[in-house]
Amino acid sequence: MNSFVKITLCGALMFSALFAFNNINQAQMTYSQRGSTGREVEAIQRTLKEYGLFHGEVTGYYGEQTERAVRSFQQYHRMNVTGIADQSTLRKLNISIGSAPSATESNVNLLARIISAEGRGEIYEGQVAIGAVIMNRIQHPSFPDTLAGVIYQPGAFTAITDGQFDQPVSQTSYSAARDALAGWDPSGGAIYYYNPAKTSDAFIYTRPIIKTIGAHRFCS
């Protein structure tokens with residue numbers, strides 16, 4: 001191999017490595033901006049609502065109102081005011097989004113078990129909504145960021161401690177688990193739910209109700 005070919009080959013390899021490195025960096029540098037959609041945007045909107053900066057509906061769509069709220073947040077914290085929720089802004093908002101779990105057999109079985117335990121006797125949409133609440137918690141900064149972490153979080157679900165979790169799983173719960181894992185959210189983005197006939201917990205009654213499905217109220 002002559003020297004010219006060696007230099008050309010070396011240059012090509014260096015360019016390929018640099019291109020791959022840049023792609024990795026771009027993949028790691030995630031952010032939300034106007035036009036973005038998804039659970040990260042929902043978390044941004046909910047958090048900015050808590051700060052009193054966002055007054056719209058939590059839709060998961062990053063529109064003009066969300067951008068203005070992000071700008072206000074950045075200005076208050078003396079950050080670079082861009083209206084873009086980049087990594088530094090997300091860290092300041094204390095938002096760390098867990099990866100949505102895939103519909104593996106183990107995930108379907110685990111989610112179906114808690115749906116069955118918590119939603120036994122509920123209509124199908126209500127069962128999916130329970131699964132969706134768990135999925136929403138994975139994406140929310142106030143909860144663990146894994147499926148098992150959310151389900152087994154101490155005190156989160158009474159079915160874990162009252163024996164319902166160990167009961168046989170209803171067949172509809174498996175379908176409901178798959179639908180929730182696939183992204184169907186009848187709860188409207190809820191992170192809490194409760195049956196008013198079965199709880200007197202003061203905290204849960206302070207949560208804004210999004211909708212009622214069957215015997216459960218779903219809340220933000």
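**Questions on a predicted model**

Reader: Is glutamine 153 buried, partly exposed or exposed, and which residues does it contact once its neighbours within four places in sequence are left aside?

Author: Buried would require a relative accessible area under 20%, and exposed would require over 50%. Glutamine 153 has a relative accessible area of 25%, so it is partly exposed. Its C-alpha lies 8.4 Å from that of phenylalanine 143, a residue ten places away in sequence. With the neighbours within four places set aside, the contacts of glutamine 153 are Phe143 and Pro144.

Reader: Turning to the whole chain, in what order do its helices and strands run from the N terminus?

Author: The protein chain contains nine helices and three strands, and 39% of its 220 residues count as buried. Read from the N terminus, the order of the elements is α-α-α-α-α-α-α-α-α-β-β-β.

Reader: What is the order of the strands in the sheet, and which strands stand at its edges?

Author: The three strands form an open sheet with antiparallel pairing, in the order β1-β3-β2. β1 (192–194) and β2 (209–213) each have a single partner strand, so one side of each is left without a neighbour in the sheet. From one strand to the next the twist averages 25°. The strands at the edges are therefore β1 and β2.

Reader: How many bridges join β1 to β3, and which residue of β3 stands opposite tyrosine 193?

Author: Strands of a sheet pair through backbone hydrogen bonds, and the pairing may be parallel or antiparallel. Here β1 and β3 (residues 216–219) run antiparallel and are joined by three bridges. The residue of β3 that stands opposite tyrosine 193 is phenylalanine 218.

Reader: Which helix packs on the sheet, and what angle does its direction make with that of β3?

Author: The helix that packs on the sheet is α6 (residues 124–139), which touches β1, β2 and β3. The angle between the direction of α6 and that of β3 is about 30°.

Reader: Is helix α2 mostly covered or mostly uncovered, and which helices are included in what covers its buried residues?

Author: Helix α2 (residues 39–50) has twelve residues and spans 17 Å from its first C-alpha to its last, close to the 16 Å expected. Nine of those twelve residues are buried, and α2 is thus described as mostly covered; among the buried ones are Val41, Ile44 and Leu48. What covers the buried residues of α2 includes α3 (64–76), α4 (87–92) and α6.

Reader: How far apart are the N and O atoms in the salt bridge between arginine 46 and glutamate 42?

Author: An α-helix has 3.6 residues a turn, so residues three or four places apart point the same way. Arginine 46 and glutamate 42 both belong to helix α2 and are four residues apart, about one turn of the helix. Arginine 46 is buried, with a relative accessible area of 10%, and glutamate 42 is buried as well, with 17%. Their side chains meet in a salt bridge whose N to O distance is 3.7 Å.

Reader: Is arginine 78 buried or exposed, and what is its phi?

Author: Arginine 78 is found in the loop between α3 and α4. Its relative accessible area is 80%, and since the limit for exposed is over 50%, arginine 78 is exposed. Although arginine 78 is a residue other than glycine, its phi is positive, near 55°.

Methods. Residues are numbered from 1 along each chain as its sequence is written. This is a predicted model: local features need pLDDT of at least 70, side-chain atom pairs count only at pLDDT 80 or more; totals for chains, interfaces and linings use all residues. Side-chain values use heavy atoms; hydrogens and water are left out. Helices (H or I, at least four residues) and strands (E, at least two) are DSSP runs, numbered from the N terminus. Buried means under 20% relative accessible area, exposed over 50%, partly exposed in between (1.4 Å probe, protein chains only). Two strands pair if DSSP finds at least two bridges between them. Axes are lines fitted to C-alpha atoms, for helices over the stretch in contact, and angles run from 0 to 180 degrees between N-to-C directions. Contact means heavy atoms within 4.5 Å. The expected span of a helix is 1.5 Å times one less than its number of residues. A salt bridge is a side-chain nitrogen of Lys or Arg within 4 Å of a carboxyl oxygen of Asp or Glu.
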